[in-house]
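Dear colleague,

I am writing to hand over a structure that may be new to you. Please find it below, followed by an account of what was found in it.

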Amino acid sequence: DFLPNENPDDYLFIKATVEDNVDLLEGSPDYVNALDLLPEDVRRAHRYGDWDALSGGFFPEFRRGVHTFPEDFPIDPRWAKYRAFDYGLDMFACLWIAVDFSGRCYVYRQYNESKLIVSEAASAAISLTHAQERIEYTIAPPDMWARNRETGRTQAAAFAENGVGLIKAGNSRIQGWSALKEFFK
């Protein structure tokens, strides 16, 4: 998180490995050997600059370059596509996912924005979906079907009224985590 007066655009991550630091290698030639003795996740971070590997990450099998693809990666227009999102006033997070003919999934677009009311979140999902895309369905968490005490309405109904019909996702975190680990494998 950033402090109130900080601008995230003021920062840039530049990946570097120990091999990029010639002075360090000359001054401490055994440093690489010491890094090679670290536990795998810390070694991947400190030796190879893979900061996704740090301990505490729930999906240590995630690897950039293996589980990511370049922005110009061609998404076949015949592949099935769907959206999945989580909604709250604190954050609307939406993913666009394509599924190839072998069942491999590709998140090819994402959108995150805070403080959106339902109509704004639905409008964002619709406007960011290109006209030629054939989105088969949109998945949302089960809490979207909880009735508001005062109005009796659900957020799922409000999304539908704003042009985004929803399918209720399962709520088992353990099964979801297990499925993601299988996808990463």
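In helix α3, which spans residues 40-48, the buried residues are D41, R44, A45 and R47. Here buried means under 20% relative accessible area, exposed means over 50%, and partly exposed lies in between (1.4 Å probe, protein chains only). Helices (H or I, at least four residues) and strands (E, at least two) are DSSP runs, numbered from the N terminus. The cover over the buried residues of α3 includes α2 (31-36). After α3 comes G49, with a positive phi near 75°.

**Basis of the model**

This is a predicted model, in which local features need pLDDT of at least 70 and side-chain atom pairs count only at pLDDT 80 or more, while totals for chains, interfaces and linings use all residues. Residues are numbered from 1 along each chain as its sequence is written, and side-chain values use heavy atoms, with hydrogens and water left out.

**Nonpolar core**

A nonpolar core is a set of buried Ala, Val, Leu, Ile, Met, Phe, Trp, Tyr and Cys residues joined through side-chain atoms within 4.5 Å. The largest one has 21 residues, and those touching the most other members are F85, Y87, F92, A121, M144, F159 and L166. Two or more residues of this core come from each of β1 (80-88), β2 (91-99), β3 (105-113), α4 (118-127) and α5 (155-161). For L166, contacts (heavy atoms within 4.5 Å) are made with F85, T138, A140, M144, W145, A156 and F159, leaving aside neighbours within four places in sequence.

**Largest pocket**

The largest pocket has a volume of about 1,900 Å³. On a 1 Å grid over the protein atoms alone, a pocket is an open set of points where a 1.4 Å probe fits, with protein on both sides within 12 Å along at least five of seven lines; lining residues have an atom within 4 Å of a point. Grid points are joined across faces, edges and corners, and the volume is the space filled by probe spheres set on them. Of the 40 lining residues, Y82, L95, I97, V107 and L180 are the closest to the centre of the pocket. β1, β2, β3, β4 (135-140) and α6 (173-184) each give two or more residues to the lining, and α6 gives the most, with eight.

**Cysteines**

No disulfide, that is, a pair of cysteine sulfur atoms within 2.5 Å, is found in a search of the whole structure. C94 is in no disulfide, and the nearest cysteine sulfur, in C105, is 15 Å away. C94 is buried, at 0% relative accessibility, whereas C105 is partly exposed, with a relative accessible area of 31%.

**Individual residues**

L25 lies in helix α1 (residues 22-27) and is partly exposed, at 26% relative accessibility. Not counting residues up to four places away in sequence, L25 touches V18, E19 and V32.

G103 belongs to the loop between β2 and β3 and is partly exposed, at 34% relative accessibility. K115, in the loop between β3 and α4, is exposed, at 69% relative accessibility. The phi of K115 is positive, near 65°, in a residue other than glycine.

With kind regards
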